[in-house]
Amino acid sequence: MGLLFLFLTACSKNEEPIISFYYWKTNLKFSETEKNALKDNDVQRLYVRYFDIGLHPQTQKPFPISPIHFYDTVQQFEIIPVVFIQNKVMLQKDLEVHDLAAKTIHLIAEINSKNKIKYSEIQIDCDWSLDSKDNYLKFIEQVKQLSKKKLSATIRLHQVKYFKKTKIPNVDNGVLMFYNMGAIANDSLNSIYSRKISEKYLESLKKYPLHLDYALPVYSWAIHIRNEKILGLRSKLNFTELKKDKNFEQISPIFFRVKQSNYKNGVYYQENDLLKTETISKEDLKEMAEDLDDNKAQAPKEIIFYDLDEFNLNNYEKNIFKQVVSWF
């Protein structure tokens with residue numbers, strides 16, 4: 001009887017989610033570190049940003065921004081094209097939804113044809129709002145109908161909690177973006193991840209009708225502040241190097257002050273400017289996994305890490321991704 005119980009318990013345990021990555025650069029060329037990460041984690045699927053859709057500054061019509069260029073072969077992976085659409089596109093009152101969907105599919109197909117990429121899924125990334133939801137939902141319907149492909153969409157926490165108002169796009173599954181939770185600000189809060197903010201939404205996951213996989217952050221940045229005003233985000237700043245740089249001094253666990261004016265990575269830092277560092281630790285990732293697992297409606301099939309970049313990978317131990325999926 002005891003052996004039977006153990007067998008049934010083992011069978012009932014969910015399989016670990018697979019590990020995937022977002023690739024969010026305009027030129028796809030893997031570094032050795034990136035290649036090793038893909039190999040070490042048995043990655044078979046890559047979610048590749050193909051282009052953004054914004055509004056042309058002159059015509060105010062939708063147009064593609066920075067389409068991707070492939071410099072490495074990707075035949076060994078299942079490639080899922082991701083298109084990021086700025087919400088202001090969907091806010092256009094006179095938006096020709098069918099035309100935009102057709103052009104989006106055409107450009108994806110063109111990129112894939114040029115690079116001999118076969119694909120069976122498209123992902124649409126848009127933080128749609130109550131005012132843009134009608135256009136967005138129609139756009140999703142058109143893409144699904146015209147492409148005849150599997151369709152997934154990114155979902156934000158507020159869209160989960162208020163799904164009766166924001167509605168649910170007609171997609172095969174969603175990917176919960178479990179990051180960018182707070183405002184970019186000069187306070188002490190981390191805008192990438194805050195457990196306090198996530199807790200306001202987590203219980204809603206149990207009621208969300210669409211299957212969700214999870215996207216988790218493995219990136220960092222610094223917020224550049226001058227006279228209490230935010231000048232911008234500074235990505236790919238090595239904080240260990242920053243501690244050794246005589247032009248900066250660390251004044252708290254997350255803040256650096258500019259001791260003397262200087263240029264770093266092509267950015268001008270004025271004396272007394274502040275840099276607020278925002279990072280995601282191993283402990284943060286464990287916390288996210290545990291909280292999501294405690295509140296899930298269904299087990300995720302996939303954990304997608306944002307994003308595959310040598311700079312990000314160097315900030316973590318080699319087996320971090322396998323550790324994270326083991327916590328689900």
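**Exercise 1.** Is E34 buried or exposed?

Solution. The model is predicted: local features need pLDDT of at least 70 and side-chain atom pairs count only at pLDDT 80 or more, while totals for chains, interfaces and linings use all residues. Residues are numbered from 1 along each chain as its sequence is written, and side-chain values use heavy atoms, without hydrogens and water.

Step 1. Buried means under 20% relative accessible area, exposed over 50%, and partly exposed in between (1.4 Å probe, protein chains only).
Step 2. E34 has 2% relative accessibility and therefore counts as buried.

**Exercise 2.** Which residue forms a salt bridge with E34?

Solution. Step 1. A salt bridge is a side-chain nitrogen of Lys or Arg within 4 Å of a carboxyl oxygen of Asp or Glu.
Step 1. K25 is the partner of E34, with the closest N and O atoms 3.0 Å apart.
Step 2. K25 is partly exposed, at a relative accessible area of 24%.

**Exercise 3.** Find where K144 and D172, which meet in a salt bridge, lie in the chain.

Solution. Step 1. The N to O distance is 3.1 Å.
Step 1. K144 belongs to helix 5 (residues 133-147) and D172 to the loop between helix 7 (163-166) and strand 9, 28 residues apart. Helices (H or I, at least four residues) and strands (E, at least two) are DSSP runs, numbered from the N terminus.
Step 2. D172 is partly exposed, with a relative accessible area of 39%.

**Exercise 4.** How many residues of strand 9 (residues 173-177) are buried?

Solution. Step 1. The count is 5 of 5.
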